[in-house]
Amino acid sequence: MLTMHLTLQPGQAASFTPDCATRLRCLEGMLWLVRDRDTEDKVLEAGDSLQLPGAARHVLSSVGRNEPVTIELAVPFASGGTALRPRWLAHCLRQFL
């Protein structure tokens with residue numbers, strides 16, 4: 001499993017579109033998640049996780065006014081497709097920065 005940790009400061013938002021199914025886990029703080037073409041927003045607290053489908057745009061935002069949110073994004077490390085995985089991490093980083 002390849003993982004990446006990111007922190008959003010209070011009031012900060014970011015969006016990304018993963019190439020493949022990705023597990024998102026809230027490590028600390030409270031995260032607000034909106035997915036394109038989904039009528040239901042999600043709120044995750046520390047310890048909560050969910051599976052994000054690939055090819056869908058997700059908007060993430062820190063809910064707390066004074067507290068950052070730290071998240072973990074994880075994708076399975078698949079043999080045969082290993083060349084794609086480092087690009088996935090770089091692609092996610094570019095979208096968040």
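R37 counts as exposed at 77% relative accessibility, where exposed means over 50% relative accessible area, buried under 20% and partly exposed in between, computed with a 1.4 Å probe on protein chains only. R37 is found in the loop between strand 4 and strand 5, and R37 has a positive phi of about 60 degrees although this residue is not a glycine. Most residues other than glycine have a negative phi. A55, which is found in the loop between strand 6 and strand 7, likewise is not a glycine and has a positive phi, of about 65 degrees; at 60% relative accessibility, A55 counts as exposed.

The structure is a predicted model, in which local features need pLDDT of at least 70 and side-chain atom pairs count only at pLDDT 80 or more, while totals for chains, interfaces and linings use all residues. Residues are numbered from 1 along each chain as its sequence is written, and side-chain values use heavy atoms, with hydrogens and water left out.

## Two sheets

Strands here are DSSP runs (E, at least two residues), numbered from the N terminus, and two strands pair if DSSP finds at least two bridges between them. Four strands form an open sheet with antiparallel pairing in the order 1-8-3-6. Its edge strands are strand 1 (2–8) and strand 6, each of which pairs on one side only. From one strand to the next, the twist averages 25 degrees, with axes taken as lines fitted to C-alpha atoms and angles running from 0 to 180 degrees between N-to-C directions. Within this sheet, strand 3 (residues 22–28) and strand 6 pair in the antiparallel sense over four bridges, and S49 in strand 6 is the bridge partner of R25.

Another open sheet is formed by four strands in the order 2-7-4-5, and the pairing is antiparallel. Strand 2 (13–16) and strand 5 stand at the edges with a single partner strand each, so one side of each is left without a neighbour in the sheet. The twist in this sheet averages 25 degrees from one strand to the next. Strand 4 (residues 30–35) and strand 5 run antiparallel and are joined by four bridges, with W32 standing opposite V43 in strand 5.

## Salt bridges

A search of the whole structure finds five salt bridges, a salt bridge being a side-chain nitrogen of Lys or Arg within 4 Å of a carboxyl oxygen of Asp or Glu.

R57 is partly exposed, with a relative accessible area of 38%, and D36 counts as partly exposed at 30%. R35 is partly exposed, with a relative accessible area of 23%, as is D38 at 24%. R23, R25 and E72 are linked in a network of salt bridges.

Contact means heavy atoms within 4.5 Å, and, leaving aside its neighbours within four places in sequence, R57 is in contact with S15, F16, T17, V34, R35 and D36. R57 and P18 are 39 residues apart in sequence, and their C-alpha atoms are 7.5 Å apart in space.

K42 is found in strand 5 (residues 42–45) and counts as partly exposed at 28% relative accessibility. Not counting residues up to four places away in sequence, K42 touches L31, W32, L33 and L50; of these residues, L31 is 11 residues from K42 in sequence and 8.1 Å away in space, C-alpha to C-alpha.

S62, placed in strand 7, is buried, with a relative accessible area of 5%. Leaving aside neighbours within four places in sequence, S62 is in contact with L8, Q9, P10, G11, Q12, M30, E67, P68 and V69. The side chain of S62 reaches the backbone oxygen of E67 at 3.3 Å.

Methods. Polar contact = N/O pair within 3.5 Å; in protein donor to acceptor, adjacent residues only side chain to side chain.
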